[in-house]
Amino acid sequence: MENKSYQNPAELLVKEYLLADSFISYTSIICGICGCKMVYDLTKLFSRVYFKSYPSLSKVQRTEWSNRSISTFHAIFITAMSLYFVFWSNLYSDNQYASLVTFRSSALSTFSLGVSVGYFLADLGMIIWFYPSLGGMEYVLHHLLSLTAVAYSMLTGEGQLYTFMVLISETTTPGINLRWYLDTVGMKRTRAYLINGVVIFVAWLVARILLFMYLFYHVYLHYDQVKQIHGYGLVLVFVVPSVLSVMNLIWFAKIIRGLRKTIAKRH
């Protein structure tokens, strides 16, 4: 009985407040930020024990080492959720609901976007604090655009389908981070480094080039629904993916050049 008396208030707190529709956005953001902090600290502890080269890294390198583990965990989480909502969930199916696809949302979709907002806030804060060690102005621009679009979609429930389509591009993040780790520990001339480059090339082509083309095609097919999004959201639907597409093409050209150099050196 005593356990139940403690359990019931706890369940009430979670259901009525932390996961209530009016609080779920803020709860998820806090979860995202706290999750980043937890991963950052655990990475430091884990790396000191299991990676012999970690203590010899500079302070900036150790910071980036832990920072990249945060982005890797976020990428795995948001990619899984985005793939689920875009390709497997019925939430955004054309034939499942009568409501406009551009205005559909759920508690889980909102929570997932909130976790992503928490990550972008935490990572942007680190990029600015250690600027330019963790990334230049292009990273600041990328995070600001992503943060604005994801936060708007989370708070209003508008255009969440297209937000998840864009977030699938995080698929490439673990491979890019692994490439940095391999380079940092002196494995740049290994077969693993070459395979990693090929995987990044394929993942980037699919998730950041072809998928964005599909996004714009989907917008075209559903333009009668898209145009009913409020003005600011409509700008985000067109501007953010367009700017990110240009940045993706620029980075893709760099990936191709880097892969060519790696292959040429091995021959």
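Student: At what angle do helix 4 and helix 5 pack, and how far apart are their axes?

Tutor: This is a predicted model, in which local features need pLDDT of at least 70, side-chain atom pairs count only at pLDDT 80 or more, and totals for chains, interfaces and linings use all residues. Residues are numbered from 1 along each chain as its sequence is written, and side-chain values use heavy atoms, with hydrogens and water left out.

Helix 4 (residues 107-129) and helix 5 (residues 137-156) pack at an angle of about 155°, and their axes are 9 Å apart. Helices here are DSSP runs (H or I, at least four residues; strands are E, at least two), numbered from the N terminus. Axes are lines fitted to C-alpha atoms, for helices over the stretch in contact, and angles run from 0 to 180 degrees between N-to-C directions. The angle therefore makes helix 4 roughly antiparallel to helix 5 (under 35 degrees is roughly parallel, over 145 roughly antiparallel, 65 to 115 roughly perpendicular, the rest oblique). The crossing of helix 4 and helix 5 is left-handed, that is, the near helix is turned anticlockwise from the far one by less than a right angle; clockwise would be right-handed.

On the helix 4 side, the residues in contact (heavy atoms within 4.5 Å) include Leu113, Val117, Phe120, Leu124 and Ile127. Among their counterparts in helix 5 are Val140, Leu144, Leu147, Val150 and Met154. The residues of this contact divide into 14 nonpolar, seven polar and one charged. Ala, Val, Leu, Ile, Met, Phe, Trp, Tyr, Cys and Pro count as nonpolar, Asp, Glu, Lys and Arg as charged, and the others, Gly among them, as polar.

Helix 5 also packs with helix 6 (residues 160-167), at an angle of about 145° and with the axes 9 Å apart. The crossing of helix 5 and helix 6 is left-handed. Ala149, Val150, Ser153 and Met154 of helix 5 make this contact with Gln160, Thr163 and Leu167 of helix 6. By class, the contact of helix 5 with helix 6 has four nonpolar, three polar and no charged residues. Val150, Ser153 and Met154 of helix 5 are named in the contact with helix 4 and again in the contact with helix 6.
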